[in-house]
Amino acid sequence: MEGLDISHPEILQFLLDEQGVDVSSKGIEASDDLSAWQEQWNSDSEFGRILPIVISEQGEKVIGFPLEPELDVFLQSGSLMSDQTLHGQDERKAPQRILVLDDDVAGLQMLVQQMNKAQVEIADSFSSLVESALEHGMPDLVLVNTSLIGDIEGTDWWRNSTDSDLDSALPVIFLSEDKSTEAEVAAFEAGAADFIAKPFHPRVLQARLNMHLQARESQQQLNNIARADALTSICNRREFDLRLMGEWSRGARTGQALGLLMIDVDKFKEYNDYYGHLRGDECLIAVAQILNSCMQRTSDLIARYGGEEFVALLPDSGLEGALTVAEDCLEAILEAELAHVHSDVLPCITVSIGVSAMVPIHDKSSTMLIEQADIALYQAKQNGRNRICSFDEWS
Ligand code: GH3
Ligand code: MG
Ligand code: MG
């Protein structure tokens, strides 16, 4: 029984059948019988022979011993957790989305009913499938009937068929009327995450979709961890480097300027020396949050560059625009009045900011932008801290 969720009546029934226990006369789903079982459980305490049943006020029931976290939530909320939440999902999050391209109306209806935790969107042609992915955001899973997409021989099928912004890691599952080994191999060679031949049992499809959704969820959680700075939770240096590379290429293509702020907390060594390292950490978290709140556009990125240094990447911003954001940052940090009694700048936390901006050039390296902001930051420090210098202004 290990690993199986015996709170599901079907699984429980299967296990009981397998053990040769006759419960058919009891009717597992019949609530009268469930109550009778519950009474017996309460009075006889015959553990091992009678299964405990818990029924919530909302009428949901747990039969047998579910896993501990599931039982906790059930007792607190009166509701059963889904398979997905058992694996650590946050129920308040938007449901995962599955985009389907198929013309089997009955099969699709069944799918929509079964995947009650995920949102199923149906497309009637390959182009509307792609359009929907581009317009409404990337789904978590794509399910396509191969007979509706024509030739699947080409490798890198999903990427070639869609816009380059589409997520190449997105799992695409092929549904096929052709059960042959050749069809299955061709599907995997074309980049399918899974291959399901028709006709299939609805529960098999459901189980496989759930497996892929869970894998996707875990992958996304890992990606988020890999992108975030462990102390401040804003983006880390690695994420910044990746975004800088991407924005540099994009700017070189579009001719739009890229702005950069190098932000350094003033006299932070003194802060640590006086308040201690832990308070220092708390201060950095606060500074990160304040700087993050100064990023106005969704494309602006604030990251921890290292230690008490932060960096802001501002796509489509020339020097003037970047200076405006720098002023917001400087002001917001001052307004927060985070005490720093041993700073000789002011008795509160202040920052110095170096600003650079340029239209990216293909042949040149993006490190130019960082070097210039660094030079400007050095000048801001030299000029007395708690101020902004731009590379342009100083050179
Ligand atoms: P300046 O105004 O010239 O920038 O002076 P500063 O004291 O801020 O600069 P310095 O480079 O001398 O010191 C930086 C300090 O930041 C020293 C280091 O211990 C502290 N620091 C770096 N990372 C962390 C961190 O993660 N947590 C804490 N608490 N302190 C950190
Ligand atoms: Mg520093
Ligand atoms: Mg510093």
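The protein chain holds 15 helices and 12 strands, taken as DSSP runs (H or I of at least four residues for helices, E of at least two for strands) and numbered from the N terminus. This is a predicted model, where local features need pLDDT of at least 70, side-chain atom pairs count only at pLDDT 80 or more, and totals for chains, interfaces and linings use all residues. Residues are numbered from 1 along each chain as its sequence is written, while chains are lettered from A and ligands numbered from 1 in the order in which they are written.

Now for the ligand. Around ligand 1 sit 17 residues, with Asp266, Phe268, Lys269, Gly280 and Gly307 the closest; a residue is near if its C-beta atom, placed from the backbone, lies within 6 Å. That shell has nine charged, four polar and four nonpolar residues (Asp, Glu, Lys and Arg are charged; Ala, Val, Leu, Ile, Met, Phe, Trp, Tyr, Cys and Pro nonpolar; the others, Gly among them, polar).

| Element | Residues |
|---|---|
| Strand E8 | 258-265 |
| Helix H11 | 268-275 |
| Helix H12 | 277-293 |

H12 also meets helix H13 (residues 319-336). Ala286, Val287, Ile290, Leu291 and Ser293 in H12 touch Cys329, Ala332, Ile333 and Ala336 in H13, contact meaning C-beta atoms, placed from the backbone, within 7 Å. The residues of this H12 and H13 contact split into eight nonpolar, one polar and no charged.

Note on methods
Contact = placed C-beta atoms within 7 Å.
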